[in-house]
Amino acid sequence: MADDIGTTSLSERIGQALIGLGLLAVLALVISVATSTPVDRRYPDREPVYFWHMWTGEWKDEVDKIVDAFNKSQETYEVVALSIPAAGGAMSKFLLGVAGGDPPDVMAQWDSVIPNWAEAGLLQPLDGLMSPQKWEELRREMYPAARRIGMYKDRLYGVTIGLNIWACYYRPDHLREAGLDPDAFPQTLEELSEWGRKLNRFDDRGNLIRMGFLPGNWIHMALAAGGRFYDWEKDVLYLNTPDNVRSLRWLYEERARLGFDNVVRFRAGLNEGGYAQAWGFMSGAYSICVDGQWRVEQIRKYRPDLEYRTAPIPPRAEGGRKLASWSNGNFMIIPRGAKNVQGAWEFVKFWSGIDHPERAAEFYTMGGWLPITPAVAEAPFYQKYLRDNPQFRTFLEVLASENVEPTPPVPYQVMLLDSINRADDRTMRGAVTPEEALARLQAEVEQEIARRRELGYAD
Amino acid sequence: MRRHLVGYAFISPWLAGFCIFTAIPFVASIYLSFTRYNIITPPVWVGTANYELLFGGDPLFWESLSVTLKYAMVAVPLGIVAGVSLALLLNLEIGGISVYRTIFYLPAIVPVVATSTIFIWILNPQIGLVNGLLRHIYIPRIPFTDWGGYHLVGPNWLNDPDYALPSLVIMSLWAVGGSMIIYLAGLKDIPTSLFEAAMIDGASTIQRTRHITLPMLTPVIFFNLVMGIIAAFQYFTQAYVIMNGGGGPEDSTYFYALYLFNRAWRYLDMGYASAMAWVLFLIIMAITGLVFRSHRRWVHYGG
């Protein structure tokens with residue numbers, strides 16, 4: 001027994017070894033077939049440009065159309081698009097790709113990652129890919145939001161291909177029914193809140209069945225409500241300031257009036273998550289609400305008969321800012337270590353319309369996206385879109401304003417946005433007062449700054 | 001000696017995989033936990049700074065740890081009670097028992113992400129199955145008081161900070177079939193001679209369960225307890241899917257592993273995340289060690 005191997009004949013041992021080797025070979029074959037990426041190259045003789053994005057479903061189809069258009073527009077490059085859903089770990093795959101020296105050439109992102117990633121040295125500055133004159137020109141022409149989102153420490157790291165802006169959507173039918181004039185939309189938040197009260201509807205047990213006015217999250221509303229997170233001239237971050245407390249308190253009181261739990265329950269019942277068709281505004285659950293410009297396109301698709309209008313979020317009478325909104329959006333980044341930077345840049349220019357605004361205008365209208373420069377908005381194709389979707393104009397009007405601000409561009413931006421939203425969530429559930437929420441927000445961020453200093457980060 | 005080499009050669013694929021994908025990252029993370037590291041630039045040694053900061057005042061560290069502890073303390077014992085009870089029921093010799101076994105085991109093979117998505121619907125406060133059923137329950141008015149006289153209104157489940165964590169615990173019971181199968185195998189392993197002897201001595205069903213079945217099942221319970229503790233401390237996917245990557249209402253479901261993931265992949269703080277991973281590892285080791293130390297007192301091998 002002890003000498004089992006020793007007693008087997010040589011030929012048997014060789015046989016066993018061969019079987020083992022054979023199985024290993026099969027395994028290796030299976031692994032290599034399973035893991036090799038069969039890329040569908042339509043133009044094998046061109047230079048490939050590998051492009052990752054996070055769109056899926058019908059959005060992916062639109063992206064493929066733009067990629068096709070690029071590939072047909074020239075003969076040097078072929079953009080090979082790969083859709084990696086955000087939930088499928090797009091972020092970590094990208095990071096590992098860069099770390100492993102095999103990143104895509106270009107990626108479309110929408111999370112607030114530019115400061116973090118630029119600071120970490122993950123991203124290629126894009127202004128260097130243009131002539132200084134061209135960069136100067138673009139910088140001047142870009143909408144303030146595009147500039148603020150794409151730039152970090154005076155360099156350009158992301159080119160926006162679709163900005164998001166928030167504004168009010170309202171239903172004239174509800175307004176008329178409540179005796180309010182749809183042509184005289186409130187000019188202040190106070191007035192708007194009063195309209196909301198007149199539009200609220202409850203059942204006989206006091207449960208909310210229609211919400212007159214649903215404000216956006218604090219980050220969407222803060223500027224209009226008199227708050228301020230960042231001084232873009234002096235690069236100063238503001239969190240627990242009297243202005244911010246006032247702006248959050250306004251939202252808090254608005255919610256308290258309806259009952260914190262009442263609103264949570266009402267909104268949970270609408271089950272809006274993930275389904276465009278389930279949006280409460282379309283079903284009549286809200287009379288006035290604050291939401292993003294993409295809803296215009298969704299209404300056109302799913303409720304073309306719906307009578308609705310849009311208006312900028314009105315400012316608070318005291319200290320509120322006009323034409324104000326938070327902004328985020330889709331943007332293109334080119335990672336360090338990208339193998340075909342020039343090809344990637346050509347594609348970025350093509351889609352964003354930096355070179356050819358008239359041509360790119362069509363791409364922006366595909367998903368109801370807001371452009372990077374006024375030149376795109378003025379292009380005939382975009383103008384036609386605006387004629388067909390007049391309610392979209394409100395968003396362009398807001399987009400041009402200096403009061404459109406993304407999340408402050410601090411190197412811990414992802415964490416900052418998480419913390420701001422956490423403060424918002426706790427306050428809107430009535431778990432803490434605005435004062436407590438902001439004190440905690442300030443402490444959290446200060447602690448993060450101290451932590452970064454302790455660990456020896458540049459800032 | 002040569003024979004050993006042949007042996008090693010045959011397990012070398014596994015050995016290589018273990019070294020490359022487990023042992024080396026494991027050891028590397030010790031080093032990384034003493035550095036600041038964003039995956040791209042080389043790690044920079046910072047001494048014990050990560051650990052000091054972790055214990056010195058990161059409120060989210062303590063909060064996420066407490067969420068995880070709460071979950072483990074409720075979900076693990078409940079899982080054992082539910083698993084053993086189900087196994088006892090499914091051990092009965094009745095017609096069609098294998099069909100029942102299959103039904104109860106089925107949820108364990110549904111992918112976690114699918115289960116989580118379904119539970120978002122099941123626990124919807126307005127249109128969900130659970131609250132829909134609760135609404136049918138009528139509490140009659142108690143005479144001469146203001147009590148009763150209404151239909152039950154279910155809680156806000158995943159949207160309520162008081163109910164979000166219990167919701168996840170309930171969901172964990174849904175997949176109890178996995179451990180149930182192991183208990184069932186354990187039950188089948190108990191020699192029938194013990195029961196026969198007890199029956200001759202006139203022991204009742206309860207006495208037989210109490211003095212034979214449960215003691216004989218303790219090695220299996222012990223195994224599931226240890227596995228359950230480890231899994232509970234690493235709890236991630238369900239919370240991530242259900243709360244959309246966030247911490248849930250008022251961070252009531254901000255689990256340790258979720259915070260660790262955010263630190264590593266969203267805030268690009270691999271050093272800090274490695275330190276967190278090591279703290280978690282030591283906590284799991286300590287608790288598992290305690291369970292092991294206690295095992296001589298309540299785990300019976302024999303029969």
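Biologist: What makes H20(A) largely enclosed by the rest of the structure?

Modeller: 14 of the 16 residues of H20(A) are buried, so the helix is largely enclosed. A residue is buried if 20 or more other C-beta atoms, placed from the backbone, lie within 10 Å of its own, exposed if 12 or fewer, and partly exposed in between. Helices (H or I, at least four residues) and strands (E, at least two) are DSSP runs, numbered from the N terminus. This is a predicted model, in which local features need pLDDT of at least 70 and side-chain atom pairs count only at pLDDT 80 or more, while totals for chains, interfaces and linings use all residues. Residues are numbered from 1 along each chain as its sequence is written, and chains are lettered from A and ligands numbered from 1 in the order in which they are written.

Biologist: How do you know that the length of H20(A) is close to the expected one?

Modeller: From its first C-alpha to its last, H20(A) reaches 22 Å, and 22 Å is expected for 16 residues. The expected span is 1.5 Å times one less than the number of residues. A:Gly430, with a positive phi near 75 degrees, follows the helix.

Biologist: Why is B:Tyr259 called buried?

Modeller: B:Tyr259 has 23 C-beta neighbours inside 10 Å, and therefore counts as buried. This residue lies in helix H12 (residues 256-266) of chain B. Beyond four places in sequence, B:Tyr259 is in contact (C-beta atoms, placed from the backbone, within 7 Å) with B:Leu60, B:Ser64 and B:Tyr254.

Biologist: Why is A:Asp235 called exposed?

Modeller: Because A:Asp235 has 11 other C-beta atoms within 10 Å, it is exposed. A:Asp235 sits in the loop between strand E9 (230-231) and strand E10 (236-237) of chain A. Its phi is positive, about 55 degrees, although the residue is not a glycine. Most residues other than glycine have a negative phi.

Biologist: What makes B:Ile39 partly exposed?

Modeller: B:Ile39 has 18 other C-beta atoms within 10 Å, so it is partly exposed. B:Ile39 is not a glycine either, and has a positive phi of about 75 degrees. Its loop runs between strand E1 (35-36) and strand E2 (44-45) of chain B.

Biologist: Which residues touch the most other members of the largest nonpolar core?

Modeller: A:Phe51, A:Val106 and A:Phe347 do, in a core of 130 residues. Strand E6 (residues 159-170) of chain A gives this core its largest share, 9 residues. A nonpolar core is a set of buried Ala, Val, Leu, Ile, Met, Phe, Trp, Tyr and Cys residues joined through C-beta atoms within 7 Å. Among the residues that A:Phe51 touches are A:Val67, A:Leu82, A:Val106 and A:Phe347. A second, separate core has 54 residues, including B:Met243 and B:Phe255.

Biologist: How many residues of chain A are in contact with chain B?

Modeller: 30 residues of chain A are in contact with 29 residues of chain B. Among the elements that give two or more residues to the chain A side are helix H2 (10-35) and helix H20 (413-428). That side has 15 nonpolar, 8 polar and 7 charged residues. Here Ala, Val, Leu, Ile, Met, Phe, Trp, Tyr, Cys and Pro count as nonpolar, Asp, Glu, Lys and Arg as charged, and the others, Gly among them, as polar.

Key: Contact = placed C-beta atoms within 7 Å.
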